[in-house]
Amino acid sequence: MKIIVDAMGGDHAPEVVIDGVVEAVNQYDTEVVLVGDEAKIKQLLEKKNYPKDKISTYHAPEVIEMHESPAVSVRKKRNSSISIGINLVKEGKGDAFFSAGNTGAVVCAATLFLGLLPEVERPGIAIVTPSVKGISLIVDVGANIDAKPLHLLQYGIMGSAYLQNIFNIKNPSIGLLNVGEEESKGTGFVKETYELLSKSNINFIGNIEGKALFTGKCDVIVCDGFVGNVALKVTEGTAEAIQVFLKRHLLKTNLLGKIGILLLKNTFIKFKKEMDYAEFGGAPLLGVNGVVIIGHGRSHARAIKNAIRVAKEEVERQVNKKIVEAISSLHQKQA
């Protein structure tokens, strides 16, 4: 197993990326190819302790920055770490690609260079989130902001295949994110999507509202990339605000309160871990003809390490093959 990693992607690259890669090869049975400024990467690797045959490098002289236009930058910077890394997967020199860099550029490059799986019309970014019943998967959180109803139907199918094969969830339930639970609610686009999902062979349970994102009411939540990205960013902002509010009030507490905080220290640590995106590593880009994992721009070493684990699992469990079978089955029934 060989994972191609964009060494230059992320707010703290390449230092943090290399830290995460070193942790990954020390813990998992996998090799990593670090793509980016080779001289800088090798200089940083010299200080690390890891099996030397598990990490290699590949020079990429250009970097696509976070603020750059995805389509333009991918077209102009063919020697960027993102473009070269994805092309290494296309050429069979790696089994999967991971980047915490420019998300739009990764989606654009993966779609352009790897292409899509048979009969898939648009890729979708799937993100695993904690819920009161375990985990949920939201598809799409930003790859496709101008989606059609068929795209969301395919997101439901792909999300279902992902959960069945990665998390061993049998017959995952699918919910459509809407402004109300009633079938009559929402725009024409949402109503048409509802009808398509209802007639499919997946376990569609109907509309769900935003307040149900973390209740575990369904296993897969489908939405277009615009709505999904807004929901994701609202969630991140809310979580950060709660931490600030909590810290502000805890610091003002009296002696008994401070003793209580000490007694609850382990509980706070467990709570923080359960809510930490780093535990889930990265978000798979479902629908492209290869395994591509996208990390948060702020990813630290543990998130990078776990993203490599996610990539490894997706390859080992042949998720793309299962998606192709599921999509093909849908089209055969519609014919």
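**Close-up 1. Pro284 stands opposite Ile293 in E11.** The model is predicted: local features need pLDDT of at least 70, side-chain atom pairs count only at pLDDT 80 or more, and totals for chains, interfaces and linings use all residues. Residues are numbered from 1 along each chain as its sequence is written, and side-chain values use heavy atoms, with hydrogens and water left out. Strand E10 (residues 283-286) pairs with E11 in the antiparallel sense over 2 bridges. Strands pair if DSSP finds at least two bridges between them. Strands (E, at least two residues) and helices (H or I, at least four) are DSSP runs, numbered from the N terminus. E10 and E11 form a hairpin with 4 residues between them. Gly287, in the turn, has a positive phi of about 105°.

**Close-up 2. Strand E4 (residues 96-99) runs parallel to E11.** The two are joined by 4 bridges. Phe98 stands opposite Ile293. From E11 (residues 291-294), Val291 and Ile293 point one way; Val292 and Ile294 point the other way. All are buried (under 20% relative accessible area, 1.4 Å probe, protein chains only).

**Close-up 3. Tyr194 and Phe204 form an edge-to-face pair, with ring centres 5.1 Å apart and planes at 80°.** Rings of Phe, Tyr and Trp (its six-membered ring) pair if their centres lie within 6.5 Å; planes over 60 degrees apart count as edge-to-face, under 30 as stacked and the rest as tilted. Tyr194 lies in helix H7 (residues 188-199) and Phe204 in strand E8 (residues 203-208), so the pair ties together parts 10 residues apart in sequence. Both residues are buried.

Technical notes: Buried < 20%, exposed > 50% of the residue type's maximum accessible area, 1.4 Å probe, protein only.
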